[in-house]
Amino acid sequence: MNAEKPNVFFQLEPDELIDITLKNNEGKLTDTGSLAINTGKFTGRSPKDRFIVKDDLTENKVSWGDINQPFSTENYEQLKNEVLEYLEDKNVFKRFAYAGALEEYRLNLEVITEYSWSNLFAYNMFIRPAEADLENFDKEWTVIDAPGFLADPEKHGTRQENFAILSFTDKTVLIGGTGYTGEIKKGIFSALNFILPVEHHVLPMHCSANVGEKGDTAIFFGLSGTGKTTLSADPSRKLIGDDEHGWTPDDRIFNFEGGCYAKVINLSAESEPDIYNAIKKGSLLENVIIKDGKVDYSDTSITQNTRVSYPIHFIKNIQKPSVGKNPKNIFFLTADAFGVLPPVSKLTSSQAAYHFISGYTSKIAGTEAGIVDPLPSFSACFGAPFMPLNPTEYAEMLSEKIDKSGANVWLINTGWTGGPYGVGSRIKLKYTRAMVNAILEGKLPSRYTYEKYHIHSVFGVAQPRTCPGVPDKVLSPRATWNDDKAYYTMAFKLSNSFRKNFEKFESYANEDIRRGGPQRFDF
Ligand code: ATP
Ligand code: MN
């Protein structure tokens, strides 16, 4: 397969990709002109089918295990050849793109996709090179995305028919058996998460970022669904990026991407106007239900993980280029379904390191029909599935940068209040926004005083007693429960989960980091 062949469509414009998708009956236009497609069997990433080729380059650097699973060079080469053979006589879509808004750190990408809409995703999400840059484009990394190719586990060494495999030697992300577009962006994110710290001393981060009128940068870490995209889209601040950034040795934050990938479950124009208005011609909706041309955002019959991708300039207020100075405020977002963590609290530097390594949020796991229980979920660096190195390497870099920059670190619980999932409710987005805004406007003190802060008796974090735009009672999770005994029972249950999870880092973590954890409850 090469660029000269007539069945290779190179660098098509969004209009052309949309037309082809419609002609192939692979998508529909909505009433706002957005293209809606279905990604097929997979509507989310498949972490168990992600591998890294274990070879001279990676063997001693990658933190191997359940997350970074090794794949042999022989199997990789065999599989890649078969994928290329599979694509040989098909129409394929190819485009050049960048990852990384700073030229000195960016990767030049070639993205080859079996489907036209996957290529539109690549157009939306990566950085779009200028026309003049295409001629002598020096491609370094390749993404090959072949959802229609199914692997044979016996023959290829995969777990099942779908796979996402990174080879740092071949500089390739090889994807097959899944049409979920997120694999494309998170594949390159994984590559950067290895290359940037190892080669450039840049800290890669799973976070969103924006900047205020005075040039003050804020970054928001958090696992999926905790609010990175939602809270960074703020009309009064310029968006730097919504999911992946690097922090350079010379005190800059830069976006890796050229677009946003937002969840659209229950999306409304009132609570998320920026995202709502970005869903126009050129945007790509995934796995939504359309009725008479209109999207029903409440319909989750295909998946809860309904999504839209669009180029970053579909958001009105953006920073150009996508670069900011050292952050003044760092937010750790968590959606605590136990309803225990305060909706906003200030962390000490020990607590910041502890919470970063822990990477807590919770999942609502379905058990029997109609009965669901929250489960604690810990993912180091708020993004372990994308981090090839040992989490402590990223954590040490972050701690150093926090100390050097003097950034304030805040823990924001965007999850439950008034009780756990099933009893309480998710905290109102307008309250979370008010807390974030109060911090960004300097209205919550960055120094502890008894009058301003209450120290949480289990987690030790500093809970503000008042916050503009938020009723006082909402700031105290214990107060919202109206049942102290039940609250503390749950709080200790959660703190024990934290401690159990932290055991695997115990031998790496120094006394300072360990001091950032919750109280023991095992006397
Ligand atoms: P991903 O890494 O998967 O992109 P994310 O961190 O960007 O995830 P969002 O896309 O911002 O997460 O998802 C947060 C979801 O939670 C949105 O659907 C948002 O409407 C909803 N939500 C409800 N209440 C809140 C709240 N108080 N704060 C933030 N988000 C909330
Ligand atoms: Mn997001």
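Begin by selecting ligand 1 together with the 19 residues around it, of which Ser224, Lys228, Thr230, Glu272 and Arg307 come nearest; a residue is counted here if one of its heavy atoms lies within 4 Å of the molecule. The model is predicted, so local features need pLDDT of at least 70 and side-chain atom pairs pLDDT 80 or more, while totals for chains, interfaces and linings use all residues. Residues are numbered from 1 along each chain as its sequence is written, chains are lettered from A and ligands numbered from 1 in the order in which they are written, and side-chain values use heavy atoms, with hydrogens and water left out.

Next, display the polar contacts of the ligand (pairs of N or O atoms within 3.5 Å). The side chain of Lys228 places an N or O atom 2.7 Å from an oxygen atom of ligand 1. From the backbone, an N or O atom of Gly227 lies 3.2 Å from a ligand oxygen, and a polar backbone atom of Leu223 is 3.4 Å from an oxygen atom of ligand 1. The protein covers 90% of the 650 Å² of accessible area that ligand 1 has on its own (Shrake-Rupley method, 1.4 Å probe).

Colour the shell by residue class: 3 residues are nonpolar, 9 polar and 7 charged. In this scheme Asp, Glu, Lys and Arg count as charged, Ala, Val, Leu, Ile, Met, Phe, Trp, Tyr, Cys and Pro as nonpolar, and the others, Gly among them, as polar. Helices α6 (228-232) and α10 (429-440) each supply at least two shell residues, and α6 gives the most, with 3. Helices are DSSP runs of H or I, at least four residues long, numbered from the N terminus.

Now move to Thr432 in helix α10. Thr432 is buried, with a relative accessible area of 2%; buried means under 20%, with a 1.4 Å probe and protein chains only. Beyond its neighbours within four places in sequence, Thr432 is in contact with Leu231, Ile412, Thr414 and Ile427 (heavy atoms within 4.5 Å).

Then select helix α3 (residues 116-125): 10 of its 10 residues are buried, so the helix is largely enclosed by the rest of the structure. Among these buried residues are Trp117, Phe121 and Tyr123.

Finally, select the cysteines. The structure holds 0 disulfides (pairs of cysteine sulfur atoms within 2.5 Å). For Cys381, the nearest cysteine sulfur, that of Cys207, is 12 Å away. Cys381 is buried at 2% relative accessibility, and Cys467 is buried at 5%.

Notes:
Buried < 20%, exposed > 50% of the residue type's maximum accessible area, 1.4 Å probe, protein only. Polar contact = N/O pair within 3.5 Å; in protein donor to acceptor, adjacent residues only side chain to side chain.
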